[in-house]
Amino acid sequence: MELDWKNLGFGYMKTDYNIRSYYRDGAWTTPVMASDETVNLHMAATGLHYGQEAFEGLKAFRGADGKVRIFRPEENAKRLRSSAAYLRMAEPPVELFIEMVREVVKANERFIPPYGTGASLYIRPVLFGSGPQVGVKPAAEYLLIIFVTPVGPYYKEGFNPIKVIIDRDHDRAAPLGTGHIKAGGNYGASLVSSEEAHRKGYPSVLYLDAREKKYIDESGAANFFAIRGGKYITPSSHSVLPSITNMSLMALAEELGLQVEARPVEAAELGTFEEAGACGTAAVISPIGSVFDPESNHTYVYNNGETGPWCQKLYTKLRAIQHGEEPDTYGWNLML
């Protein structure tokens with residue numbers, strides 16, 4: 001197999017295997033490897049009708065030493081359990097989740113991009129109600145599938161600043177809704193906003209809180225963070241998904257000498273930041289070069305539109321741990 005590893009986009013590519021486990025009769029079945037890309041699903045499945053669906057995203061990396069590292073799968077397992085609990089789905093045990101991740105990565109090892117290409121193996125677990133239900137209530141059966149695909153940068157810009165536009169016309173999630181879990185419906189709700197931003201020339205949007213339009217929530221499908229006066233500042237809100245990347249960056253920020261503030265962040269502070277960025281599994285960090293506010297017709301520019309020094313330091317540090325270039329003193333990597 002010959003792939004142009006350095007020019008991969010962020011999209012789906014068929015690999016050899018996916019892995020599946022059903023929740024039936026109160027227990028999870030022994031995981032089974034499959035080569036079929038499709039699912040035979042009952043037409044009344046709650047995942048189709050009532051939004052009983054959640055997913056995760058994590059990555060495996062080929063390191064400088066040739067070894068394969070899977071980044072923080074236990075945290076993804078815990079977050080999927082949190083999503084499942086809120087949506088009243090069966091919660092996959094952490095041990096089952098990690099076993100399935102490990103096995104599917106092993107089975108598709110030939111698709112793990114070589115070290116130094118900038119690409120990685122993206123791992124997508126998805127859990128949904130597969131049992132039929134006509135009344136609005138939880139299903140009796142659930143299916144957990146984990147598939148993998150090699151990917152390049154999430155944004156075509158790569159690790160370069162992106163332009164962001166504030167969207168006050170759409171809400172990603174209600175204040176006491178599902179913003180804090182990784183439910184597929186949150187992303188479906190963001191598509192109209194994303195498409196409108198792209199038409200205007202902006203790769204991403206900045207959502208404000210749905211109640212007052214006063215506080216920053218998320219930047220597209222990623223957490224927002226900013227640097228000001230030696231502080232790493234990131235929004236804390238029930239509507240913001242607890243990002244595992246952001247959690248990792250906060251630990252590294254403190255290690256590098258920044259003070260971390262996770263708190264409600266007012267949109268009025270946008271003009272005071274020295275740097276800004278969006279972070280998540282897919283892009284790791286996307287430095288934000290500017291934020292355009294259509295209401296005031298003002299553009300906030302960070303670090304002259306270039307990648308700032310703290311974004312660079314944090315990105316380099318996290319990537320070095322993921323690729324085995326620096327010691328993993330936090331114990332974040334699961335070695336294959």
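This is a predicted model: local features need pLDDT of at least 70, side-chain atom pairs count only at pLDDT 80 or more; totals for chains, interfaces and linings use all residues.

Colleague: Which residue in S6 does Ala60 stand opposite?

Modeller: S5 also pairs with strand S6 (residues 68-71), in the antiparallel sense and over 3 bridges. In S6, the residue opposite Ala60 is Ile70.

Colleague: S5 and S6 form a hairpin; which residue in the turn has a positive phi?

Modeller: There are 5 residues between S5 and S6 in this hairpin. In the turn, a positive phi of about 85 degrees is found at Gly66.

Colleague: Glu109 forms a salt bridge; with which residue?

Modeller: Glu109 lies in the loop between helix H3 (94-107) and S7, and its partner lies in strand S5, 47 residues apart from it in the chain. Glu109 is partly exposed, with a relative accessible area of 34%. The closest N and O atoms of the pair are 3.5 Å apart, and the partner is Arg62.

Colleague: What is the distance between the end C-alpha atoms of helix H2?

Modeller: H2 has 14 residues (73-86), and at 1.5 Å a residue it should span 20 Å. The expected span is 1.5 Å times one less than the number of residues, so the step count is taken between the ends. The end C-alpha atoms agree with that expectation, being apart by 20 Å.

Colleague: Which residue just after H2 takes a positive phi?

Modeller: Among the buried residues of H2 are Leu80, Ser83 and Ala84. Just after the helix, a positive phi of about 60 degrees is taken by Arg88.

Colleague: At which residue does helix H4 bend?

Modeller: The 16 residues of H4 (184-199) should span 22 Å at 1.5 Å a residue, and the end C-alpha atoms are 23 Å apart, which agrees. The buried residues of H4 include Asn186, Tyr187 and Ser190. The helix bends by about 35 degrees, and the bend is at Leu191.

Colleague: Lys14 meets which residue in a salt bridge?

Modeller: The count of salt bridges in the model comes to 20. In this one, the N to O distance is 3.8 Å, and the partner of Lys14 is Glu37. The pair links distant parts of the chain, the segment before strand S1 (18-24) and the loop between strand S3 (32-34) and helix H1 (46-49), the separation being 23 residues.

Colleague: Is Lys317 buried or exposed?

Modeller: The side chain of Lys317 meets that of Glu255 in a salt bridge, at 3.0 Å from N to O. Lys317 lies in helix H6 (residues 309-322) and Glu255 in helix H5 (residues 244-255), so the pair ties together parts 62 residues apart in sequence. Glu255 is partly exposed, with a relative accessible area of 41%. Lys317 has a relative accessible area of 15%, and is therefore buried.

Colleague: Which residue in S13 does Arg228 stand opposite?

Modeller: Strand S12 (residues 222-228) pairs with S13 in the antiparallel sense over 3 bridges. The two strands form a hairpin with 2 residues between them, and Gly229 in the turn has a positive phi of about 55 degrees. Arg228 is also part of a network of salt bridges that includes Glu261 and Glu269. In S13, the residue opposite Arg228 is Lys231.

Colleague: In which sense do S13 and S14 pair, parallel or antiparallel?

Modeller: S13 (residues 231-235) is mostly covered, as 4 of its 5 residues are buried. Pro235 stands opposite Arg263 in S14. S13 and S14 (residues 259-263) are joined over 5 bridges, and the sense is parallel.

Note on methods: Residues are numbered from 1 along each chain as its sequence is written. Side-chain values use heavy atoms; hydrogens and water are left out. Two strands pair if DSSP finds at least two bridges between them. Buried means under 20% relative accessible area, exposed over 50%, partly exposed in between (1.4 Å probe, protein chains only). A salt bridge is a side-chain nitrogen of Lys or Arg within 4 Å of a carboxyl oxygen of Asp or Glu. The bend at a residue is the angle between axes fitted to the seven residues ending there and the seven starting there.
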